[in-house]
Amino acid sequence: MDRGYMCRSVNEKFNGTHCLDPCTMNPCNNGGNCSVEENSFKCYCRAPFSGKTCEEDPCTMNPCNNGGNCSVEENSFKCYCRAPFSGKTCEEGKTCEEEILPITDPTSTVTTPSSCDCGSKSFGCKVDPQGRLKCVCFPGFAQKGNSCAETCARDSDCLNGGLCERSGYDYFCACPDGFTGDHCQVNAVCETLKCDVIRAICRRTRYGAVCECPPEKAYKWFTGVCEDICDSRKCVNGKCEITGQTFKCACDEGYTGSRCEEKVSVNPDITIYMIGFALLSAAILLSTIGTFYLVCFTRRTLKENRSELVE
């Protein structure tokens, strides 16, 4: 039987076996403050959030038209529009008058990459009457130069210090020197070294970059790759310990050798000799102590006898 206590309160805002109020579980999201009002709760939301539990932000209803990307910035929103649209909500602009049909349609104005190439992120491409290449890119990509690149919505989409900047009708990552890729994720200097071929990692330096083996690995000339310094085969009967670029074995008790492969052998004759020597040493020690005690006792007795004679 449930022996919990039920709340009996004049104010019905408290309920349950532990008398919880509506704000105990903090139903307000995004840092909103909960207040018990009448028999329910009310959320006081921090800007720019709103809604009963502060679950909505300026981008919740997606105010950006024509495929624009909405980003919450400060206490409002900002639309990053796709070409050829512009305006606060990407409401300005018009689509091309020429319809681009699917590439499977033989009457399509889109040609296959065999005749013109916009890269692997495109459905195909065409050349306009002025001889300019027009790419038909996958969703989320747009034409940048003569190929399709992934677009960005904010600076945080770009890595290694890249910035999301407008180029033409779309936004792309502008990468700092030494980095490339749609998100500035490729280290251009390291790309030429191809450190991964030897299982190494690339580390940029003041004057370029170098390939280094990861921690606990070392480059082996006979294999040409970075390998584990320690593994289960290194020490037969012991623990492998890394010391710089090499290793040493901490052998288990009873084993020795550079790889703990030798079992320590005990010579029976030596053991008997050591036991005999220990017993002899103990006997000599006891004899010495006994002799010293006897001499001291004798001298003391003679001294007492002389004192009695003098009296």
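Predicted model: local features only at pLDDT ≥ 70, side-chain atom pairs only at ≥ 80, totals over all residues.
The protein chain has 311 residues, and 22% of them are buried. Its secondary structure comprises two helices and 20 strands. Of the contacts between residues at least 6 apart in sequence, 21% join residues at least 24 apart. The UniProt record, an unreviewed entry, places the feature "domain: EGF-like" at residues 20-52, 55-91, 149-185 and 227-261. Residues 55-91 are 0% helix and 27% strand, with end C-alpha atoms 26 Å apart. Residues 149-185 are 0% helix and 38% strand, and here the end C-alpha atoms lie 13 Å apart.

Now back to Tyr171 and one of its partners, Tyr80. A pair of aromatic rings is described by the distance of the centres and the angle of the planes. By the rule used here, there are three aromatic pairs. In one of them, the ring centres of Tyr80 and Tyr171 are 4.8 Å apart and the planes meet at 80°; because an angle over 60 degrees counts as edge-to-face, that is the name for this pair. The two tyrosines come from distant parts of the chain, 91 residues apart: Tyr80 belongs to strand β4 (residues 76-80) and Tyr171 to strand β10 (residues 170-174).

Are these two tyrosines buried or exposed? Tyr80 has a relative accessible area of 8%, so it is buried, and Tyr171 is buried too, at 14%. In soluble globular proteins, nonpolar side chains tend to be buried together. Here, the largest nonpolar core has nine residues: Tyr80, Cys152, Ala153, Cys158, Cys164, Tyr171, Cys173, Phe179 and Cys184.

Glu165 is partly exposed, with a relative accessible area of 40%. Not counting residues up to four places away in sequence, Glu165 touches Cys152, Asp170, Tyr171, Phe172 and Ala174. Between the C-alpha atoms of Glu165 and Ala153, twelve residues apart along the chain, the separation is 9.0 Å.

Phe123 is in strand β5 (residues 122-127) and Phe138 is in the loop between β6 (133-137) and β7 (141-144), so the pair ties together parts 15 residues apart in sequence. As for the lysines, the charged end of Lys88 sits over the ring of Phe77, 4.5 Å from its centre. Lys234 has its charged end over the ring of Phe247, 5.8 Å from the centre.

Our last stop is a hairpin. Strands β15 (residues 217-220) and β16 (residues 225-228) run antiparallel and are joined by four bridges. Tyr219 stands opposite Cys226 in β16. Four residues lie between the two strands, and Gly224 in the turn has a positive phi of about 80°.

Conventions. Residues numbered from 1 in each chain as written. Heavy atoms only, no water. Phe/Tyr/Trp six-rings, centres within 6.5 Å; stacked < 30°, edge-to-face > 60°. Buried < 20%, exposed > 50% of the residue type's maximum accessible area, 1.4 Å probe, protein only. Lys NZ or Arg CZ within 6 Å of the ring centre and 35° of its normal. Pairing = 2+ DSSP bridges. Core = buried A, V, L, I, M, F, W, Y, C linked by side-chain atoms within 4.5 Å. UniProt positions renumbered as here; feature names shortened; annotations may be inferred. Contact = heavy atoms within 4.5 Å.
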